[in-house]
Amino acid sequence: MTLFSRRSTLAHLIFAAVFSLAIFEPCAAQQPKYKALNVKTPDGLMISAQEWGNPSGPEILFIHGFSQSYMSWMRQYESDLARDFHMVTYDLRGHGNSDKPLDAARYRDAKAWADEVQAVMDAAGFKRPVLVGWSYAGRVISDYVTTYGAGKLAGINFVDASIKFIPEFVGDNLKNLPLMTSEDLAINIAATRAFVRGCFSIQPSTDDFETMLSFNMMVPPKVRAGLGGRALDATEVMSKLKIPVLVTHGAEDKNSKLGNARYTASVIPGAKLSVYEGTGHSPFYEAPARFNAELAAFVREANKRN
């Protein structure tokens, strides 16, 4: 082999090594920090769930909102909460990496939603978690408490969520929802972009917005349509709760007006209302330091009382 050939071969090897690192290093850096949980619901759906943080810490189950994903809670599971708490997130049926049946009936059965929550709790080995429910998750938590009661819960944190549909408390951003069920991709994307923007008063970073738009678009139009049309009035069952409840709400919420939070806090005995001035529908993202501190204190106190 000539000197030129040896140098050419060496150059190719160096190039291959650099190219390989360029491909594989980002992948290595993005390895998940969670333990995947295998969850199957009683009605046969596979649910994508994730376990984070301290396995021996107090338990928290995060439930996201309409058209979102477990990644909505990025500023919780990537925070110092992971040091002290055993946290689980999951994608609701029809969302993220969970199964997405297109039959609307799969999204209108209250017991199916309740069973899904219990299936995630069982897979995680949870004994008495605090449920943290954002937006549409108010319906899911209402389904759970109505079906199973609150005996297996340490507490509930309603986050810009409702326990009763009250028309005058519906925000202007929800005008985007019908267009988000369109099969016309251009219409759907435009409405979804507007909806995601409207979920924030303090807007997300460009990178985070792109991530949020991406996981919102993973929800098929027929699933979005199926999520609508469910009656909601859990006033009676919630008025009998005997566990700690924290009601968190952004004062500038354009989805669910502050009146919803005030109603929830007035119905549930001993419920504490925490209003976030200057934030919109997503206080856990817009004001994470305060949200995480309040949640940590609430979970610790709830576990002392149970």
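A polar contact here is a pair of N or O atoms within 3.5 Å; within protein, one must be able to donate a hydrogen and the other to accept it, and residues adjacent in sequence count only if both atoms are side-chain atoms. Ground rules next. This is a predicted model: local features need pLDDT of at least 70, side-chain atom pairs count only at pLDDT 80 or more, and totals for chains, interfaces and linings use all residues. Residues are numbered from 1 along each chain as its sequence is written, and side-chain values use heavy atoms, with hydrogens and water left out.

First stop, H249. It is found in strand β7, residues 245–250; strands are DSSP E runs of at least two residues, helices H or I runs of at least four, numbered from the N terminus. Is H249 buried or exposed? Buried, because its relative accessibility is 0%; the cut-offs are under 20% for buried, over 50% for exposed, partly exposed in between, with a 1.4 Å probe and protein chains only. A polar atom of the H249 side chain lies 2.6 Å from the backbone oxygen of S256. For the backbone oxygen of K257, the distance to a polar atom of that side chain is 3.4 Å.

Second stop, α5. Of its 12 residues, 9 are buried. Among them are V140, I141 and Y144. Helix α4 (residues 110–124) and helix α5 (residues 137–148) have axes that come within 8 Å and cross at roughly 90 degrees. Axes are lines fitted to C-alpha atoms, for helices over the stretch in contact (heavy atoms within 4.5 Å), and angles run from 0 to 180 degrees between N-to-C directions. Just after α5, G149 takes a positive phi of about 80 degrees.
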